[in-house]
Amino acid sequence: MLPAVAGPARLVPLSALAAADLSVAALQAAAQRGRLQAHRGADGQWRSSRIWVDDYRASRNQRPTD
């Protein structure tokens, strides 16, 4: 299912959310570290939404302030 068809808030497999700047492996690692909001289904597949991936993408470039 394509995220554009599903809508930005619908949970879809990470493979449908990967892009040139974020591979499936990078999204999986971020989900496992808790940096990307995602859910792991009973089938073991990670799912997230376009909104959550966009939030993660924006947070990657932010540096913590001291």
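This is a short talk on how one predicted protein model is put together.

First, the ground rules. The model is predicted, so local features need pLDDT of at least 70, side-chain atom pairs count only at pLDDT 80 or more, and totals for chains, interfaces and linings use all residues. Residues are numbered from 1 along each chain as its sequence is written, and side-chain values use heavy atoms, with hydrogens and water left out.

Helices (H or I, at least four residues) and strands (E, at least two) are DSSP runs, numbered from the N terminus. Buried means under 20% relative accessible area, exposed means over 50%, and partly exposed is in between (1.4 Å probe, protein chains only). Contact means heavy atoms within 4.5 Å.

Let's start with the sheet. Three strands form an open sheet, in the order E1-E3-E2. The pairing is antiparallel. Two strands count as paired if DSSP finds at least two bridges between them. Which strands sit at the edges? They are E1 (12-13) and E2 (39-40), and each pairs on one side only. E2 and E3 pair over two bridges, in the antiparallel sense. A general point: strands of a sheet pair through backbone hydrogen bonds, either parallel or antiparallel.

Stay with E3, and look at Arg47, which lies in that strand. Across from Arg47 stands His39. How far is Arg47 from Leu11, in sequence and in space? They are 36 residues apart in sequence and 5.6 Å apart in space, C-alpha to C-alpha. Not counting residues up to four places away in sequence, Arg47 touches Leu11, Val12, Pro13, Leu14, Ala38, His39 and Gly41. Is Arg47 buried or partly exposed? Arg47 counts as partly exposed, because its relative accessibility is 24%.

The side chain of Arg47 has partners too. One is the side chain of Gln45, in a polar contact at 3.1 Å. A polar contact is a pair of N or O atoms within 3.5 Å; within protein, one must be able to donate a hydrogen and the other to accept it, and residues adjacent in sequence count only if both atoms are side-chain atoms. Another partner is Asp43, in a salt bridge of 3.0 Å, N to O. A salt bridge is a side-chain nitrogen of Lys or Arg within 4 Å of a carboxyl oxygen of Asp or Glu. Asp43 itself is exposed, with a relative accessible area of 54%.

Next stop, Ser49. Ser49 lies in the loop between E3 (46-48) and helix H4 (50-60). Ser49 counts as buried, because its relative accessibility is 1%. Leaving aside neighbours within four places in sequence, Ser49 is in contact with Pro8, Ala9, Arg10, Leu11 and Leu17.

On to helix H3, residues 24-33. Leu27, Ala30 and Ala31 are buried there. The face turned away from the buried side carries the exposed residues Ala25, Gln32 and Arg33. What covers the buried residues of H3 includes helix H2 (14-17), E3 and H4. Just after H3, Gly34 takes a positive phi of about 85 degrees.

That brings us to the core. A nonpolar core is a set of buried Ala, Val, Leu, Ile, Met, Phe, Trp, Tyr and Cys residues joined through side-chain atoms within 4.5 Å. The largest one here has twelve residues, among them Val12, Leu22, Leu36, Trp46 and Tyr56. H2, H3 and H4 are the elements that give two or more residues to this core. The largest share, three residues, comes from H3. Beyond neighbours within four places in sequence, Leu27 is in contact with Leu14, Leu17, Ala18, Leu22, Leu36 and Val53. In general, nonpolar side chains tend to be buried together in soluble globular proteins.

Last topic: salt bridges. How many are there in the whole structure? A search finds four. In one of them, Arg60 pairs with Asp21, the closest N and O atoms being 3.7 Å apart. This pair links distant parts of the chain: Arg60 is in H4, Asp21 is in the loop between H2 and H3, and they are 39 residues apart. Asp54 and Arg57 also meet in a salt bridge, at 3.2 Å, N to O. These two are three residues apart in H4, so about one helical turn separates them. Asp21, Asp54, Arg57 and Arg60 are linked in a network of salt bridges.
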